[in-house]
Amino acid sequence: MLKSMDVTPSTRIFLAQQLTWVLCLASLGATTAKAAIHEGFESTNSTWKFAATDCAITKLNHERTLERRYTGSSSERVSFLAGQGTHVYLAHPIQPARIIDELSVSVWVYGEKRGLQLRAVAVLPRSQHPETGRPLEAFLYGTTYETPEAWQRLAIGEFKTKLKRQQAILRSQFGPQVDTREAYIDRIEINAYGGPGVNNLWFDDLEVTGFAAANRAEATSPSPPARELSSNESVIGKPIVELHGNVLTVNRRPFVPRMVEYHGESFHWLKSLGFNAVKLPASPTNEQLTQAAKVGMWIVAPPPFFDNRREVEKAYDPVLAWSLGNRLSEQEFQATQELANEIRLLDARNRRPLLCSPQNNIWNYSGVANIVLLDDSPLLASRSIADYGKRLRNRQQLSRMESSFWAYIQTEPSTALLRQWSALGYSGMPPSLEPNQVRALLLTAIASGVRGICFKSTAPLDRVESRARAQLLQLLNLEMILLEPWIAAAKQADTSPEEKHAGNVQILETDRSRLVMILQPSKTDQYVLEPVNKKSISVDLHSSPSTEQAYAITPYALKSIRRPHRVRLILNDTKGAKLVVLTQDPLVRNYLMRHIASHRDISFRLHFSLLEQQLQETSQVAKQLQGSQQALPNLDKRLALANNYLRRGQQLLLDGDPENAWQQVSLAQNEIRVIRRAAWQHAIAGFPSPVASPFCTTFSTLPLHWAMASKMRQAQWSQNALPAGDFESLEHLQKSHWQQHRTASEAIQTRVEISLKSQRSGRSSLRLFATPVDLEREPAVVESPPIQIVTAPINTHPGQIVRIHGWVKIPQSIRGSTNGLTIVDSFGQEPLAERIQVTKDWREFTLYRAATTNMPLTVAFALSGFGEAWLDAVSISLLQEGRPAAERLSKRISATAD
């Protein structure tokens, strides 16, 4: 028996209202009759919950309040502080309601910012999510809040039509078995994110009309309840860094590191450039840790020698990951493994990820470290940008499935190239890489599936001579922030052969969208960029539902793209990278539009500044070429055009016309490309490859190339200084101290032999051969060259110029590697290596190098994959000028540079 109790009249009224509500719900659960549900937010208990967010939030206030209401006496207020992001979902549960034609949901909202949107969560009881085992869910969107500081009714109707559209998207992701029968909604959600800062919202009069209760069997697996923040909970405080598969999260939100190698710059200044992390060369100091914590900058660094675990837990909160080393070889694996075990023991509570950058043995290193940092520098080198992307994907295949991959991005000429320039007498400030070359590398790395970026840097960015590089990296960071949702957690979608053929198409997909990256670098864009091709291109996207809308990402706007056929895109100006987003989710569109609009001004400012600097450099170098009788057709006209386009673009932006301003920027960039490309192609015409001469690898050093070529035409070369390079005798090779190195593997069969089958001159040539022992189980990727031979050493002195010459024949493409036959000299090293994948017949190679040390010169020929290659008539000649003549050449080159 229930005890009686004294209640006030107002309490009796409230209890009666609640009893009516309960009886109403009970009767609805027992029938399928169409009815209505109403929530007036009149009681004292709040019912909205924080459901999901991709930004840092702090709850400020959450209560039923009398201060503002649409009807009745009260409403529910939610107030929170938000960081940079796209959504903060508030969820409200309702009794499971079947999706029928009459169903409608609405709620009255009062907010201070536009863009808030209502959606319902549809549960599909007949279809399970393959990973969680729970029923699949579909989001059905309603109207958007457009009247700040006024009450507005947000509503969702036409549930069956919306669900049918979502079914097509879900089937493209999870297969044709997705079944929407007996679907029901069990909660509504509103994206309460109005932008960074304080967000205030009030809710009143939630109504569900056309209600028909879902059968109990349909609602046996309700969605997990939304997580509610406690009154004082905040993401501010001790950060939680975790890896979930290959996705890095900070405070349980996906995180994309935008790092740079650190050289003493202010953390605050680096953050203003868009970096969120720095990579230190040594363990962080107390001052660095303090400053990083103060400005919110993450640190990746080698671990220090810890005295106790307390030091690890408290002093090192800004550390994102521990670095175990760079360019790690197979010989360093055991020591690296011991270091990893030690740091995991001392940092057991925080469990920070471990990062390493191995040269080879990736399988074992990926078992020691959670994150593999891929290192490659293809710019001004023989590896194409497309091959760079293939190499990144190949190296990921060599690792364990759970590994996360980050990538270094080259921002300067390689150290080996700088040493060659210096040895040849060039003493000026090193030229900059072309901005779109660095951007092409970045987008190629993102398309390959890396989750984090570290920009290489050998000098401080805050110096005057690094101004252009700092501006470029700031511009690239803006683009990375824009693409962050796809970099952080998207999966690579399978593309058809037609898609790959139509411009190296890579697709990164999330649950809500697809980022289509059409990357079309030419085979030589790593040296000097080709001009833009004005022809249009059609791209077939068979994996994309036709219901998705297509938008091109530009610096000035998000542009809608026609899809004249169900699965086809039509794009113009096809040279260079194109980014297209396919989505049906308005949140994705709104996020991109908001980001582009908020960063448009600074993006244009950086583009204009970089373009001005590039135009100035182009003009100076081109006039030097004209002065050395290397005429460039229509030079003055093209320089004037580029300058006019630039000025017109600046004026159009001031006039409020960013679209046409960007067209002028593109025209100016293309005129610069035309000038640079023509001069470069003229310079390399007499060489088998651009890496033949260190001064032919970039437009900026072409005047030095012509000065050196003029001098060498008058010089005398020595007789061949390399013994046994005619490959007529195996015994002669052995006695001359040639060497061979084979990769230890029972699965690969290799041979090096004197061959009478094919020769360029004499009786025989040298044949290199590698094949898998089991042809039916040939690996798709070969990590290390199965075999290489190294020439006898040749003595030189610093500054001495040498010519390496020979012939190679590769009848079929080398399988398992993008490197083909790699020819590496000890002075130019790997960045200046010649890479030959296949030849029609015998192909000539020539390398001009300057001795950078007192060490003897050697040349290595590495067969990087499966196949065969012949070598013949390999020679090394020395420039016969002596030290005084070499010094005169250096002075002449320096004078040209000045």
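Modeller: Contact means heavy atoms within 4.5 Å. This is a predicted model, in which local features need pLDDT of at least 70, side-chain atom pairs count only at pLDDT 80 or more, and totals for chains, interfaces and linings use all residues. Residues are numbered from 1 along each chain as its sequence is written, and side-chain values use heavy atoms, with hydrogens and water left out.

Colleague: Which residues touch the most other members of the largest nonpolar core?

Modeller: In soluble globular proteins, nonpolar side chains tend to be buried together. A nonpolar core is a set of buried Ala, Val, Leu, Ile, Met, Phe, Trp, Tyr and Cys residues joined through side-chain atoms within 4.5 Å; buried means under 20% relative accessible area, exposed over 50%, and partly exposed in between (1.4 Å probe, protein chains only). Here the largest core has 161 residues, and Phe455 and Ile553 touch the most other members. Helix α14 (residues 586-627) supplies the largest share, 13 residues. Helices are DSSP runs (H or I, at least four residues), numbered from the N terminus. Beyond its neighbours within four places in sequence, Phe455 contacts residues including Met259, Phe275, Leu442 and Met480.

Colleague: Why do the buried residues of α4 line one face of the helix?

Modeller: An α-helix has 3.6 residues a turn, so residues three or four places apart point the same way. In α4 (residues 286-295), Gln288, Leu289, Ala292 and Val295 are buried. Their arc, taken from the directions from the helix axis to the C-beta atoms, is within 145°, so they line one face. The face turned away carries the exposed Asn286, Glu287, Thr290, Ala293 and Lys294. Just after α4, Gly296 has a positive phi of about 80°.

Methods: Helix = DSSP H or I, 4+ residues; strand = E, 2+ residues; numbered from the N terminus.
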